[in-house]
Amino acid sequence: MADRDGKIWMDGEMVDWRDAKIHVLTHTLHYGCGAFEGVRAYKTVDGTAIFRLQEHTDRLFNSAKILRMQLPFSKEQVNEAQKAVVRANNLESCYLRPLTWIGSQKLGVSPKGNQIHLMVAAWAWGAYLGEEGMKRGIRVKTSSYTRHHVNITMTQAKAVSNYSNSILANMEATDDGYDEALLLDSSGFVSEGAGENIFVIKGGVIYTPDLSAGALNGITRNTVFHIAKDLGIEVVQKRITRDEIYIADEAFFTGTAAEVTPIRELDRVEIGSGSRGPLTEKIQSAFFDIVNGRNPKYAHWLTKV
Ligand code: PMP
């Protein structure tokens, strides 16, 4: 990934992709305190636009606040940086990765005295869980790893360190032949996927875990709340057990990378008909209408680059 042409925005400057480097004694590399975002830009009917840019930037600043990191840039600068990176790399649609980290002035657990850095990269990235998965649904396994407890790490921060738990869960599931992992909270209730929020549909009602289960406050999750309201479908946030998913009519994951991905199986138990459900398909298609600029109601969520 490092050896390619292109530009990366790094601490206020556009640098060549191959030169966007940091020192091995970078604090975040050793102790894992850093935060990032995953953002997408789509080729809309009206040109390339970043989806819910402000909300992603707001969450990045919230993550930094939770982690006691003082970002050396304003939100406006971070928004502009993201737009500039898409333009500089001539991307029509892409994934964007803003990341903030603690520098290499000193090591030791206390980061005090270190510089805070920020970069934004962007590259073309198709369906995160595969094109086929978007149509047929994916196969998911309940992880043997528990999702973070809300007072062990900070689950509302999109913190770099939170992802070691996601990586373990994802590797376990994919090594066993599944597409993705589902993590339960420390009480055994459904939390989220390794990099996705989860939704289940039963009797025409949509259910999703409330955030006390340690799930990230996903921006796609929020987008689905709006879509469901428009479709006249009720959304209930509540504690969910894994067996409620086994007997659900439909289930799907949401995320900036995963978009709206149907789930057809959990732990080898078929969900509903064992393929993408009809309401999931409706939500998926409403989602792609919005991100591709085909729904004027949500034009304000699209920032042209
Ligand atoms: N949970 C986790 C752990 C994630 O990494 C992501 C992806 N950012 C999500 C949920 C979904 O969040 P969003 O819709 O904002 O991308």
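Visitor: How far apart do the C-alpha centres of domain 1 and domain 2 lie?

Guide: In this predicted model, the two centres lie 26 Å apart.

Visitor: What makes these two stretches separate domains?

Guide: The domain assignment does. It gives domain 1 as residues 7-123 and domain 2 as residues 131-291. Such bounds come from an automatic or database assignment.

Visitor: How many residues from each domain take part in the contact?

Guide: Domain 1 gives 20 residues and domain 2 gives 11 residues. A contact requires C-beta atoms within 7 Å. On the side of domain 1 that touches domain 2, β3 (34-36), β4 (39-44) and α2 (53-66) each give two or more residues. The most come from α2, with 5 residues.

Visitor: What is the make-up of that side of domain 1, by class?

Guide: There are 9 nonpolar, 6 polar and 5 charged residues.

Visitor: Why is T146 called partly exposed?

Guide: T146 has 17 C-beta neighbours inside 10 Å. Buried needs 20 or more, and exposed needs 12 or fewer. The count of 17 falls in between, so T146 is partly exposed.

Visitor: Where does T146 lie, and which residues does T146 touch?

Guide: T146 lies in strand β8, residues 138-146. Leaving out residues up to four places away in sequence, T146 touches L183, L184, D185 and S186.

Visitor: How do you know that β1 and β2 pair?

Guide: Count the bridges. Strand β1 (residues 7-10) and strand β2 (residues 13-16) are joined by 4 bridges. Pairing needs at least two, so the strands pair. They run antiparallel. M10 stands opposite E13 in β2. The hairpin has 2 residues between the strands, and D11 takes a positive phi near 50 degrees.

Visitor: What makes β1 and β7 a pair?

Guide: β1 and strand β7 (residues 116-123) share 2 bridges. The requirement is at least two, so this pair qualifies. The sense is antiparallel. Here M10 stands opposite M119 in β7.

Visitor: Which residues are closest to the ligand?

Guide: They are L216, G218, I219, T220 and T256, from a shell of 15 residues.

Methods
Residues are numbered from 1 along each chain as its sequence is written. This is a predicted model: local features need pLDDT of at least 70, side-chain atom pairs count only at pLDDT 80 or more; totals for chains, interfaces and linings use all residues. Two residues are in contact if their C-beta atoms, placed from the backbone, lie within 7 Å. A residue is near a molecule or strand if its C-beta atom, placed from the backbone, lies within 6 Å of it. Ala, Val, Leu, Ile, Met, Phe, Trp, Tyr, Cys and Pro count as nonpolar, Asp, Glu, Lys and Arg as charged, and the others, Gly among them, as polar.
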